[in-house]
Amino acid sequence: MRTLAVVSAGLTVPSSTRLLADRLAAAVGGQTPVTVEIVELRDLAGDIANNFVTGFASPRLAAALSTVADADGLIAVTPIFTASYSGLFKSFFDVLDQEALTGRPVLIAATGGTARHSLALEHALRPLFTYLRAVVVPTAVYAASEDWASSGSDDLAHRIARAAGELAELMEGRPPTQPPAEETVIPFEQQLAALRPRPKE
Amino acid sequence: MQFGIFTVGDVTTDPTDGTTATEYERIKAMVTIALKAEEVGLDVFATGEHHNPPFVPSSPTTMLGYVAARTERLILSTSTTLITTNDPVKIAEDFAMLQHLADGRVDLMTGRGNMGPVYPWFGQDIRQGIPLAIENYALLHDLWRKDVVDWEGRFRTPLQGFTSTPRPLDGVPPFVWHGSIRSPEIAEQAAYYGDGFFANNIFWPKEHYMRLIGLYRQRYAHYGHGTPEQAIVGLGGQVFMRPRSQDAVNEFRPYFDNAPVYGHGPSLEEFMEQTPLTVGSPQQVIDRTLTFRESFGDYQRQLFLMDHAGLPLKTVLEQLDLLGEEVVPVLRKEFAVGRPESVPDAPTHQSLLAASRAPAVSVE
């Protein structure tokens with residue numbers, strides 16, 4: 001069975017961010033069999049800050065980073081703060097290995113008090129994951145306060161189903177994530193040879 | 001096995017009283033600490049090299065030459081000599097000169113330096129860090145072994161018929177340790193030449209350094225210098241001791257909490273659990289240090305960082321008393337237990353001289 005990592009940057013317990021994350025994960029699970037692994041960034045806030053200071057991840061944070069790096073797909077959900085993802089959300093992806101998400105299907109989602117912030121998904125989250133060379137599904141899901149009570153053809157439930165379908169399809173279409181390869185050594189002669197002066201033209 | 005201390009040479013405000021040593025005071029304190037190292041029976045003193053405040057040791061061979069004149073036995077080394085930004089010709093000359101003055105009590109540890117802005121001050125570019133380390137060291141290696149060098153490379157003007165002076169003492173180049181905390185290329189370089197490899201083993205979890213040392217040992221054997229177990233490994237370590245463990249924790253905590261490298265991050269307790277830092281009684285330091293052998297295999301040199309983060313000189317000297325009187329004698333005894341005969345000691349001028357004079361033996 002494939003694994004689906006879910007990163008939630010909600011700060012309250014319970015939080016609407018986590019609620020959205022759970023609904024997205026369940027919707028993906030309804031499309032394709034997955035094992036869901038939740039990473040709550042609130043629980044790791046101190047560890048993430050310490051990683052910035054010391055340059056290494058605590059065992060707890062290292063486990064969370066591995067969960068994300070080893071998964072076959074990722075759902076990343078943040079509250080929108082000050083026109084963008086929350087600082088905690090960005091900080092987690094700052095300490096994640098830059099190669100960890102290469103080629104990985106990712107569903108981005110966000111919550112906020114008003115629908116006017118919804119394009120933060122497109123101008124902040126999507127470029128972030130594109131930079132990490134992830135494959136971001138076309139539908140990003142934004143839930144404003146009013147969406148939790150909405151209905152109709154483009155309501156939250158429909159958007160969740162559409163995005164989840166896109167993620168499930170991408171996850172099914174790719175081979176399972178392999179553990180990272182062992183570090184390879186460039187033989188020393190090769191390193192030296194690369195430095196020999198080039199013959200003059 | 002060799003035991004000693006290595007210093008970064010930072011000028012840091014003492015967080016307990018707000019005082020800051022002058023550069024003069026810090027430089028003199030480093031010398032006092034080096035002399036104390038010999039007095040308490042340690043084998044090695046190594047100084048860092050830095051070219052930006054708040055660090056003072058920009059000219060290690062000047063300092064080590066001064067220490068050489070005032071010591072008899074102590075091996076003088078560096079932690080590290082910047083192989084990227086120093087001209088290898090000047091390194092060859094400076095350390096050969098020091099070798100003569102110190103009667104051979106000299107080795108050095110090369111390192112790359114990790115601060116981008118420092119490189120252009122010396123006409124270099126950090127993006128070329130690894131190639132610079134490889135090319136400069138290849139030249140340094142030649143300069144000490146060939147009386148006349150013709151050379152051309154990427155990063156400095158060519159040499160034609162050049163002889164670096166003085167020639168190494170007794171024709172024996174100083175032993176070189178390659179220091180690295182993250183680069184497999186440097187472990188590979190050390191292995192290729194059959195040189196030593198040093199992992200500072202401070203600040204990060206030991207697993208990080210175990211990977212590099214494992215790679216170095218394996219490649220050392222690959223290049224035919226011996227078995228993986230015979231590779232020449234050095235480790236750092238960081239300790240603070242008082243006879244009573246809780247006194248050590250209470251006294252060191254403000255220095256830890258405000259330390260430039262890791263301060264204002266994890267608690268002292270978390271950091272001790274996750275990295276090789278040990279703050280406690282001499283016995284705790286002994287027990288922790290002995291575990292290094294389980295992680296890294298039998299090794300040749302153990303250096304401790306003792307004088308950073310604004311610790312007063314008086315405190316550092318007390319630490320060295322504890323290290324020399326209570327810790328190292330036990331470590332010498334315990335590390336010798338079960339150490340295979342085939343594992344060599346760290347090379348010294350004498351051992352390298354003897355080896356250079358021994359008739360060549362063919363290995364089956």
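Mentor: A residue is called buried if 20 or more other C-beta atoms, placed from the backbone, lie within 10 Å of its own, exposed if 12 or fewer do, and partly exposed in between. This is a predicted model, in which local features need pLDDT of at least 70, side-chain atom pairs count only at pLDDT 80 or more, and totals for chains, interfaces and linings use all residues. Residues are numbered from 1 along each chain as its sequence is written, and chains are lettered from A and ligands numbered from 1 in the order in which they are written.

Trainee: What makes β9 of chain B a strand, and which way do its residues point?

Mentor: Strands are DSSP runs of E with at least two residues, and helices are runs of H or I with at least four, numbered from the N terminus; β9(B) covers residues 196-199. Gly196(B) and Phe198(B) point one way, Phe197(B) and Ala199(B) the other, and all are buried.

Trainee: Why are β8(B) and β9(B) called paired?

Mentor: Pairing needs at least two DSSP bridges between two strands; β8(B), residues 175-179, and β9(B) have three, in the parallel sense, so they pair. Gly179(B) stands opposite Phe198(B). β9(B) also pairs in the parallel sense with β10(B), residues 233-235, over three bridges, and Ala199(B) stands opposite Leu235(B).
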